[in-house]
Amino acid sequence: MSGKYLVTGGAGYVGSVVARHLLEAGHEVVVLDNLSTGFRQGVPAGASFVEGDIRDAAKWVDSSFDAVLHFAASSQVGESVVKPEKYWENNVGGTMALLAAMREAGVRKLVFSSTAATYGEPEQVPIVETAPTRPTNPYGASKLAVDHMITGEAAAHGLGAVSLRYFNVAGAYGTYGERHAPESHLIPLILQVAQGHRNAISVFGDDYPTPDGTCVRDYIHVADLAEAHLLALKAAVPGEHLICNLGNGNGFSVREVVETVRQVTGHPVPEVVAPRRAGDPAVLVASAAAAREKLGWNPSRADLAGIVADAWEFAQHIARER
């Protein structure tokens, strides 16, 4: 059965891929994005587009929507440390306005783009949803605050909500992929070296207690992530707020990722060891058991080489666009 969905932040990386999946499933999609970090080219053909801010959500949210998928947020960890007010105003204040607009319009289903940054430095890995939430930066704190807001909204006003806490999203889905400016994610940064746009990739710390001394992270293909959002729409129960981690449950070190890019692209990728970054845990790997059990989600693109190959194809597509 088809529905009508509002996708906030749908011109961004994950939002655009989810919007594409919704359209392919036969749904009607309206993308709301202020294009501060999103790109007009990211809005899938077939989706309606509204250029606007979630803080003005009441202008566009009405009773015709079956649900909202909420991706609109400021998401740069480093920036959040020096401009925390931006993250409270946009991520928390913007979501407050969105929830109020949904309540007024009677739209009672929400899927929220949360993050592993809500956990901070974990005591144990793989990380489960009951792990302590101790974010180490305002970005993670703002996302955790929104999760708390959603829990209250569900209990008080009958909202059916699912928060999906992503680990490292990577890869591309056809012509939909990462267009961040500036880029901060590891795989596209390494691909920029392979393309000759950067001289070398910085490896922040090679003395961690891991097999090769570099940080280990859980990479999830963006298309697997998108499928989880469609499943979450079905799993949302009025009055309940479900929280699920999304990851593969497998970790790859920075050096493993660099070597995989070399193999996939056939290009040399010089690396330069730099000092550790403050707040970088040695290992961040998700337990996705709750997502498998409660959403019926099974990621099928866990192969790192496949993730990198899709990202490489998209990087070349972007180069041709220029």
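**Group meeting: a sheet and the helices packed on it**

I'll start with strand β11. Five of the 6 residues of β11 are buried, so this strand is largely enclosed by the rest of the structure. Before I go on, please keep in mind that this is a predicted model.

Where does β11 sit in the sheet? The sheet is open, has 7 strands in the order β3-β2-β1-β4-β5-β6-β11, and its pairing is parallel. β11, residues 241-246, is an edge strand, and so is β3, residues 48-51; each of these pairs on one side only. From one strand to the next, the twist averages 20°.

The partner of β11 is β6, residues 160-166, and the two pair in the parallel sense over 6 bridges.

Now to β1 and β2. These strands run parallel and are joined by 5 bridges. Y5 stands opposite V29, which is in β2. Strand β2 is mostly covered, with 5 of its 6 residues buried.

Next, the helices on the sheet. Helix α1, residues 13-24, lies across β1, β2, β4 and β6, and runs at about 165° to β2. Helix α3, residues 84-105, also packs on the sheet, where it touches β1, β4 and β5; its direction makes about 175° with that of β4.

Let me stay briefly with the end of α1. In the loop between α1 and β2 you will find A25. Is A25 buried, exposed or partly exposed? Its relative accessibility is 43%, so A25 counts as partly exposed. A25 and S2 are 23 residues apart along the chain, and their C-alpha atoms are separated by 7.7 Å.

Back to α3. This helix has 22 residues and reaches 31 Å from its first C-alpha to its last, close to the 32 Å expected at 1.5 Å a residue. Its buried residues are Y87, N90, N91, V92, G94, T95, L98, L99, A101, M102 and A105. What do they pack against? The buried residues of α3 pack against the strands β1, β4 and β5, and against the helices α2, residues 77-82, and α4. After α3 comes G106, with a positive phi near 80°.

The other helix I want to show is α7, residues 254-265. It has 12 residues and spans 17 Å from first C-alpha to last, close to the 16 Å expected at 1.5 Å a residue. The buried residues of α7 are V254, V257, V258, T260, V261 and T265. Why do these residues line one face of the helix? Looking down the axis of α7, the buried residues fall within an arc of 160°, so they line one face. As a reminder, an α-helix has 3.6 residues a turn, so residues three or four places apart point the same way.

What covers that set of residues in α7? The cover includes the helices α5 (186-194) and α9 (304-321), together with the strands β8 (201-204), β10 (219-221), β12 (252-253) and β13 (271-274).

Take T260 as one case from α7. T260 has a relative accessible area of 11%, and it counts as buried because the cut-off is under 20%. Not counting residues up to four places away in sequence, T260 touches L304, A305 and V308. The residue that follows α7 is G266, and its phi is positive, near 75°.

For another loop position, look at A131, between β5 and α4, residues 138-157. A131 is partly exposed, with a relative accessible area of 21%.

Last, the annotation. UniProt, in an unreviewed entry, lists residues 6-241 as "domain: NAD-dependent epimerase/dehydratase". Over residues 6-241, the chain is 35% helix and 19% strand, and the end C-alpha atoms lie 19 Å apart.

Notes: Residues are numbered from 1 along each chain as its sequence is written. This is a predicted model: local features need pLDDT of at least 70, side-chain atom pairs count only at pLDDT 80 or more; totals for chains, interfaces and linings use all residues. Side-chain values use heavy atoms; hydrogens and water are left out. Two strands pair if DSSP finds at least two bridges between them. Helices (H or I, at least four residues) and strands (E, at least two) are DSSP runs, numbered from the N terminus. Axes are lines fitted to C-alpha atoms, for helices over the stretch in contact, and angles run from 0 to 180 degrees between N-to-C directions. Contact means heavy atoms within 4.5 Å. The expected span of a helix is 1.5 Å times one less than its number of residues. Buried means under 20% relative accessible area, exposed over 50%, partly exposed in between (1.4 Å probe, protein chains only). The arc is that of the directions from the helix axis to the C-beta atoms. UniProt positions are given in the numbering used here, feature names are shortened, and annotations may be inferred rather than shown by experiment.
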